[in-house]
Amino acid sequence: MSIDLLFELQHEVRRLFIAGSGMAAGDLRLQKMLPQLQKLGESAPVFNRMAQAVSQVLEAETSGSASKLLELGTLLNSVLYTQGKTETKEDLVSMEGTEAKLSTTIAYRKLHPLVEALTQKGQGRMEQLRQGYDDGLFHDFRVIPAAVSALDDSYVEIPDFLHRKVLPTLGMEALPALQQQFRPDGGKGDARRLELIHDLLRLSALDLLLQAAKQGSTEVRSTAIELLGDYPDQEDFILEQADDKKKEIRRAALFALSRLGTEQAIARLFKALGSKDQDLAIEPIQLCKANDLTLSVIGHAESALQRIVQRTNVEDSAQQLMADIRSLQGKRVPEVVDFIEKLLSTPSFIVPETETIQEAAADLLLQLDLPEADRFAVTLHEVYNRKFIAYSFRAAIKILPPEDVYERFCHDLRDKKQSTAKDLLRVLYEVTPPLLDQLDEPVVAASSDFTTWDPRWVHLFVKLDEEELVCRFAQDSDPKVTAYLVKKCKELPNFNRSKTANMLLILFSQTYPDAPKLLMDILEKGGAKQFYYLDRAQLTLLSLLPRTYAERLQQFAEGLSYQGMKNQLLEIAETIATRPEQTELSDNEEKGQGLWGWIKSKMS
């Protein structure tokens, strides 16, 4: 009890060292501890001396408080030093070395933030770990135990990063720590450790896997059983686990069987697809590469289709058919294409009860990414009252010339209120990147290749009054497109409206002579109090203003009430004021470089 009091007193003395000795006189915490020290001093003189030192600190004048506090601290540290113990109650054992070859040339001061991020809680740790990985700090043996221990971290992103990226790069150097910290009865962290140990030892870890699969916790057992899928001679054991009472164990066993791909494994996976474990079996079947299993699933699906056609137990058959189709994902073989074609070519299957299955089948058709699948998807354009038009359009833009795509689908956009037109517009938005995405990711924009679109699309979108699509499809200068964009900008002169900013960008790229004036007019009409933030498109627009507009932009900025925005605009105004006059690019130079290539040339 007395030693605890001394440690508490040490804490308070340190506090006063930090706060300043001037705060020590009359300190309430020291006053509260003084009677306890005096009572202990009745039986031990050293505590009586400690109590006197505390009293002197409490009663000291400001000028002498520093020396009294220092005397108390010196006395206290001396007593605590003599009270320290080095012995342990545990049995002494010989220290085992390792074959680690990692160096330790990095100063610990540089390693400390990384070790702290691995062992402590708080924000910003993930960024610290990524930086440490980039700097090669994990390749120091002082960090490895903390990295292995952090596999138990409650912030999922950290153990995932260590498990998938960091520890595998350390190789055998991480093995001693992994083995030392692995606990068969542990949780997710120990399951990760087991997987890493197996990745390093492979066949040598088989005994450990079997032990973990039989005696470990549920999470450790699941991982061990799934890893046993690499060992065909463990098939009988895995098959036993597929009938375990615990759902997690059965799921792991099915994944292991999918890796085996043997005749018995295929039979057990197929059995699970028609049982209570149907949902558990779908992903393992997707991952299994055995073509015999794929053919069995197709046969199973055809039986379910036949029952639906015959209107026999439609609800259960539809549920089974959906599971079969989901199981066929990733199976890029002609037999799957043939079955999906049969499915979507059967009128008696296209009924309200199978709506969800129809969409899943059409989606699978596109996922296969096979020429024969895409050709069939294109033929779905007009059948069943054009309900598959979105899938047909996606396939068409992959395999048909741009002019054919336009001729096939332009007529479906005559009336925007029709469901067919809505579906087609939706997919048009999905397959074309927004302008801001093009600005942020120029590589993605280039791969999208807008030149593959027929130029008539943009005129159709003008008629439909689809502002955003007009901007996405606008290519070379076009009087009709320019007139439409100018009109829309004047109708809705709101600089904070993203569509307005996009339209102005297109007008600038089309070298519309009044684009700068239109931009400034819209900016000034918006009102000085409405601007608190500028996005990428707005900043780009303002940076495109010619130097003759620098003074006008400066005057506008002076009227803003928000200081941050004011400073930002003044900086832009200063930049464009010092920019040299742009020389006009020739037609050949302007063509082919894309919207953002043009913007970059104007801002350079």
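Visitor: Where does I18 sit?
Guide: In this structure, which is a predicted model, I18 belongs to helix α1, a helix that covers residues 2-19.

Visitor: Is I18 buried or exposed?
Guide: I18 counts as exposed, because its relative accessible area is 75% and the word is used for values over 50%.

Visitor: How do α29 and α30 pack?
Guide: Two packed helices are described by the angle between their axes and by the distance between those axes. Here helix α29, residues 479-491, packs with helix α30, residues 498-509, at an angle of about 145°, and their axes are 10 Å apart. The crossing of α29 and α30 is left-handed.

Visitor: Which residues of α29 and α30 meet there?
Guide: From α29 there are T482, L485, V486, K488 and C489, and they meet T500, M503, L504, I506 and L507 from α30.

Visitor: Back to the whole protein, what share of its residues is buried?
Guide: The protein has 604 residues, and 46% of them count as buried. Its accessible surface comes to about 32600 Å², with 50% of that belonging to carbon and sulfur atoms.

Visitor: And what about contacts along the chain?
Guide: Among the contacts in the protein with a separation of 6 or more, 65% come from residues 24 or more positions apart.

Methods:
Residues numbered from 1 in each chain as written. Predicted model: local features only at pLDDT ≥ 70, side-chain atom pairs only at ≥ 80, totals over all residues. Heavy atoms only, no water. Helix = DSSP H or I, 4+ residues; strand = E, 2+ residues; numbered from the N terminus. Buried < 20%, exposed > 50% of the residue type's maximum accessible area, 1.4 Å probe, protein only. Axes fitted to C-alpha atoms, helices over the stretch in contact; angles between N-to-C directions. Left-handed = near helix turned anticlockwise from the far one by under 90°. Contact = heavy atoms within 4.5 Å. Areas by Shrake-Rupley, 256 points an atom, 1.4 Å probe, with all protein chains shown as cover.
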